[in-house]
Amino acid sequence: MSSIVLAILALLSLAIVFGSILGFAAVYLRVVGNPLVDQVNSLLPQTQCGQCGYPGCRPYAQAIVKGTAINKCPPGGESTIHALADLLDVDPLPLDAEHGVEKARTVAYIREEECIGCTKCIQACPVDAILGAAKRMHTVIADECTGCDLCIEPCPVDCIDMLPIELAPTSWYWQQPDNLIATDRSVLVQSTSRYEYD
Amino acid sequence: MTDIFLLQGGIHPPQHKLQSSSQPLRTLPLPSQLILPLGQHVGALATPEVAVGDLVLKGQLIASANGTISASIHAPTSGRIRAIEQRPITHPSGMSGPCIVIDTDAQERWLDITEPVDYRQRSKADLLACIHQAGITGLGGSSFPTTVKLSTEASITTLIVNAAECEPYITADDCLLRYHSAQVVDGIDIVLHLLGYPHCLIAIEDNKPEAIAALRAALQNRTDIDVVVIPTKYPSGGEKQLVQILTGQEVPHGGIPADLGILCQNVGTLGAVADAILQGYPLISRITTVTGSYVGQPGNYRVLLGTPIEHLLTATETPLDNIERLIIGGPMMGFSLQNIQAPVIKSSNCVLVPDTQELPWPDPAQDCIRCGHCEQVCPAKLLPQQLYWFAKAHEFEKARQYNLMDCIECGACAWVCPSKIPLVQYYRFAKGRSQAKLVEKYRSDHARQRFEVREQRFLQAKVDKINRRQARITTAAHQQAEKTNHSQPLSSDKLPSVNPVLQLKQLKTAVALAQTKLKKATQALSDAESMQSLSRSKLATTVAALQAGLAQAEKQFQHQQQTMGLDPEREKSLKIAAVKAQAEVRQLQRTLDDVEESGRTASTEQLATAKTLAKVARKQLDIYLQGDHKT
C-alpha cells in the first residue's frame with residue numbers, strides 16, 4: 001500500500017517539478033512572433049513590388065505561413081517557388097500567371113531631362129532608391145534599385161524606363177556544359193528526323 | 001637543402017615545352033595600335049586619366065587604380081589616344097569591355113623618369129606605393145594586385161618564389177630566368193627587404209635545367225635564398241600546392257598562405273617589381289609564350305601590353321585563316337579566345353594555337369562510370385565525382401559543403417576522366433552560379449533592411465503626428481479653461497476687461513463664427529425646402545435663433561469698439577499702410593538679391609529707408625490698437 005502511495009507521490013512531485021519548468025519556459029523562453037514567417041520572408045526576393053497581391057514581401061510571407069499558395073511571386077520565379085516548397089515541404093507549383101511572368105531583373109532609369117521633380121516616384125519607391133527634391137531632377141541609385149516597377153505608375157510625365165541589367169564580364173560566369181553523351185547524339189538525330197517526316 | 005613533401009594527386013601531361021623554350025627571347029615589332037582594357041586585374045576597373053586625342057609618352061599613367069584592390073595602367077609606348085570605348089577583351093566570355101586605344105607613333109619617347117634612390121633608404125610605405133603606382137599585378141595568371149599581397153599584416157617567415165611553371169607548353173618564366181635571372185634576384189631582394197628578411201625558397205621544376213643554372217649563377221652561393229628543385233608534376237605551381245610541397249603545411253580552407261606566415265610571388269612579378277623600384281619603369285610589357293603547332297615562329301616574346309593577339313600571330317608567321325582554336329593560358333587552365341582583336345594583358349602568359357592533331361576537341365562526354373580516378377589525381381583532395389553530381393543537379397549548397405570553393409580548377413580530374421566529362425566546366429559553372437546566388441541573397445537582404453527602415457520611419461512619423469495632435473488638443477483645452485475663467489466676469493458687461501484689445505479680438509471671432517453657423521444653417525434650410533424634408537420647421541427655428549445670436553454678437557462687438565473709441569475706417573487705413581510698407585520692403589529685398597555687386601550700395605540704402613518706413617507704419621497701427629486712438 002505504502003509503495004503505491006510513494007509511487008503516486010513520486011510521480012506527483014516529478015509532475016510538479018517538470019510542470020513548473022515548462023511553465024517558466026513558456027514565459028521566459030517564449031519565441032515572439034512566428035519564426036517561420038522570417039524564414040519564408042528571407043527566401044522572397046524583397047522587391048516589395050506587391051505583384052503577389054500583398055503590400056510587400058513580409059505580408060506575403062505571413063500569408064504563405066497561413067496557407068496561401070507559394071506561386072504568386074513573379075520576381076522570385078521558379079527558384080523561389082522551389083526554395084519555398086523545400087522549406088514548407090509542399091509540392092512546387094508552376095508560377096501563377098495571374099500575378100505576372102518571370103522576367104530578367106531590371107533597374108529603373110529616369111530620363112533626367114524630362115523629369116519635372118514631382119517627388120511622386122520618391123514616395124513610391126519601397127527601398128528609398130530614388131534621390132531628388134521637389135522641382136529638382138531625380139535620379140535612381142542603380143545599386144539599390146530592386147526593379148519592382150512601383151515608380152512607373154505614379155510618374156506624371158512617364159520619364160522612367162525599366163532597363164534590363166546588362167551582363168558585364170565581372171558578373172559573367174561559365175554556363176553548364178551540355179552533357180551530350182556520344183550515344184545520345186545519334187538518338188537525337190534520329191528522333192528529330194522522324195519528327196520531320198511526320 | 002630543404003626537404004620536399006611530394007604533391008598528393010596531380011598528373012603528368014605531355015610537356016610540349018621545347019617548342020618555345022628552344023628559341024631565344026625575342027621582341028615583337030611595334031603594332032600600329034594598342035588596346036588596353038581598364039580591367040586587366042582582379043578588383044575595380046581603373047579610372048581613365050587621359051582624354052581622346054591626348055598625346056601620351058611611353059610609361060605615362062593613362063588609367064589610375066580605383067581603390068586598393070585595383071591597378072593602374074600606363075602607356076606601353078608613345079602615341080595618341082584614339083578612343084576610350086568598348087572593345088573585345090581577353091576574357092572567356094568573349095564580351096567587350098572598356099578599353100583605352102592608343103595609335104602608336106613608332107617614336108618610343110619615354111616619359112622623364114628620375115633616377116630612383118636606393119630602396120634600402122626608402123620607407124616600406126613608400127616602396128609599396130611605388131609598386132602600386134607601377135600597376136604591378138600577379139603575372140603568374142592570377143592578376144591580383146601585388147601591393148595588396150605585400151602589405152599583409154601577418155608576419156611572414158617564408159617567401160616562396162614560384163618558378164615552377166607546371167603547365168604544359170608555357171615557358172615564359174623559364175625564359176625570364178634564363179635571360180634575366182639577375183633582375184629576378186633583385187626583385188627578390190626588394191621583397192625580402194619589404195617583408196623584414198624572411199627565409200626565401202625559390203621553387204622550380206626539374207624540367208628547366210638552364211633556368212636553374214642561370215638562377216644559381218645569379219645567386220652566387222647566397223645562403224639566405226634556397227633554390228628548391230621539385231619533381232615535375234602538374235599542378236605543382238598552384239600556390240597552395242607549392243606551399244604544401246615546400247613546407248608540408250596545408251593552407252586552411254578559405255584562408256591564404258599568409259595565415260601560415262608564407263607569401264608566394266611569381267618570378268615574373270618579382271622581375272616587374274625590380275624594374276619599378278630600381279629603374280622606375282611601370283609595368284608595360286611582359287614575356288608571353290606563343291606556341292602550338294600552328295604558330296610559324298613559336299617562342300617567347302617580350303610583348304607590350306595591349307598588343308592585339310592578331311598582331312602577335314602575324315608577327316610570329318601564324319596563318320590567320322583556319323585557326324581551329326586559340327587558347328589564352330595553358331591547355332589545362334586556359335580558355336578559348338573568341339576574337340583575335342582582343343589584346344595581350346598583364347595575365348596573358350601564353351598564347352597557344354594548336355592544330356587538331358595536337359590538341360583535338362574533346363570527345364562527347366559519356367556517363368560517369370564511378371571509376372574514382374578523378375579523386376586520386378585531385379591535388380586539393382576533394383571529391384570531384386561528388387561535386388560533379390551536385391553541380392549537375394544544381395545542388396550548389398551541398399557542393400559548397402563539399403568544399404567546391406577549394407577547387408583550383410586545375411583540370412587534372414577532367415584530364416584522367418575516361419568518360420571525357422568536362423568536370424572543370426561543371427565546377428566553374430557551379431562556382432559561378434553559387435556565387436551569383438550569394439550576391440542575390442545579399443542584395444535581397446539589403447533591400448529588406450532598407451524597406452524595414454523606411455517602414456519604421458513612416459511609422460515613427462505617424463506616431464509623432466498623433467502625439468503632436470494630442471499635445472495640441474491638451475493645450476487648447478487648457479487655453480479654453482483659462483478663457484472661460486476670464487470671460488465669466490465679462491459676461492456681466494459691466495466690469496472692464498483686463499485687456500480690451502484681446503477682448504475685441506474675441507468678439508470679432510464670435511461674430512465670424514456666428515456668421516458661418518448662420519450661413520450653413522440657411523444652406524441646410526434651403527436644401528431641406530427644395531427636398532420637402534420634414535425637418536424644415538426645426539431648421540427654420542435654428543436659423544432664427546442663429547440670426548438673433550449673430551445680431552447680439554455684432555452688437556456686442558460694436559459696443560466694445562465704441563467703448564474703446566475705435567474708428568473702423570481709421571484702423572483699416574492704418575492696416576493698409578502697414579501692409580504696403582511691408583510689401584515694399586520685400587520687393588526691395590528681392591531686387592537686392594538680383595542686382596550685381598556694383599549696384600548694391602544704392603539698393604541697400606533704399607532698403608534701409610523702406611524698412612524704417614515699414615516699422616513706423618506698424619508701430620502706428622499697434623499704438624492705435626493698444627488704445628491711444630487719438631493719434
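Arg450(B) forms a salt bridge with Glu144(A), with the closest N and O atoms 3.5 Å apart. A salt bridge here is a side-chain nitrogen of Lys or Arg within 4 Å of a carboxyl oxygen of Asp or Glu. This is a predicted model: local features need pLDDT of at least 70, side-chain atom pairs count only at pLDDT 80 or more, and totals for chains, interfaces and linings use all residues. Residues are numbered from 1 along each chain as its sequence is written, chains are lettered from A in the order in which they are written, and side-chain values use heavy atoms, with hydrogens and water left out.

**Interface of chains A and B**

- The rule finds three salt bridges across this interface.
- In chain B, 34 residues are in contact with 36 residues of chain A; contact means heavy atoms within 4.5 Å.
- About 3000 Å² is buried between the two chains, and carbon and sulfur atoms give 54% of that area.
- Buried area is the accessible area (1.4 Å probe) that two parts lose on being put together, summed over both.

**The open sheet of chain B**

- Four strands form an open sheet in the order β11-β10-β9-β12 (chain B), with parallel pairing.
- β11 (225-230) and β12 (262-266) of chain B are the edge strands; each has a single partner strand, so one side of each is left without a neighbour in the sheet.
- From one strand to the next, the twist averages 25°.
- Strands (E, at least two residues) and helices (H or I, at least four) are DSSP runs, numbered from the N terminus.
- Two strands pair if DSSP finds at least two bridges between them.
- β10 (residues 199-205) of chain B pairs with β11(B) in the parallel sense over six bridges.
- Ile202(B) has Val227(B) in β11(B) as its bridge partner.

**Helices on the sheet**

- Helix α4 (residues 172-194) of chain B packs on the sheet and touches β9 (158-163), β10, β11 and β12 of chain B.
- The direction of α4(B) makes about 165° with that of β9(B).
- Helix α7 (residues 267-279) of chain B lies across β9 and β12 of chain B, at about 80° to β12(B).
- Axes are lines fitted to C-alpha atoms, for helices over the stretch in contact, and angles run from 0 to 180 degrees between N-to-C directions.

**Helix α2 of chain B**

- Leu127(B), Leu128(B), Cys130(B) and Ile131(B) are buried in helix α2 (residues 124-133) of chain B.
- These residues cover an arc of only 155° around the axis, which puts them on the same side of α2(B); the arc is that of the directions from the helix axis to the C-beta atoms.
- Ala125(B) and Gln133(B), on the other side of α2(B), are exposed.
- Buried means under 20% relative accessible area, exposed over 50%, and partly exposed in between (1.4 Å probe, protein chains only).
- The cover over the buried residues of α2(B) includes α3 (146-150), α4 and α7 of chain B.

**Chain A**

- Chain A has six helices and four strands, in the sequence pattern α-α-α-α-β-α-β-β-β-α.
- Buried residues make up 29% of its 198 residues.
- In strand β1 (residues 106-110) of chain A, four of the five residues are buried, so the strand is largely enclosed by the rest of the structure.
- β1(A) pairs with β4 (residues 160-164) of chain A in the antiparallel sense over five bridges.
- Tyr109(A) stands opposite Asp161(A) in β4(A).
- Ala85(A) lies in helix α4 (residues 77-88) of chain A and is buried, with a relative accessible area of 5%.
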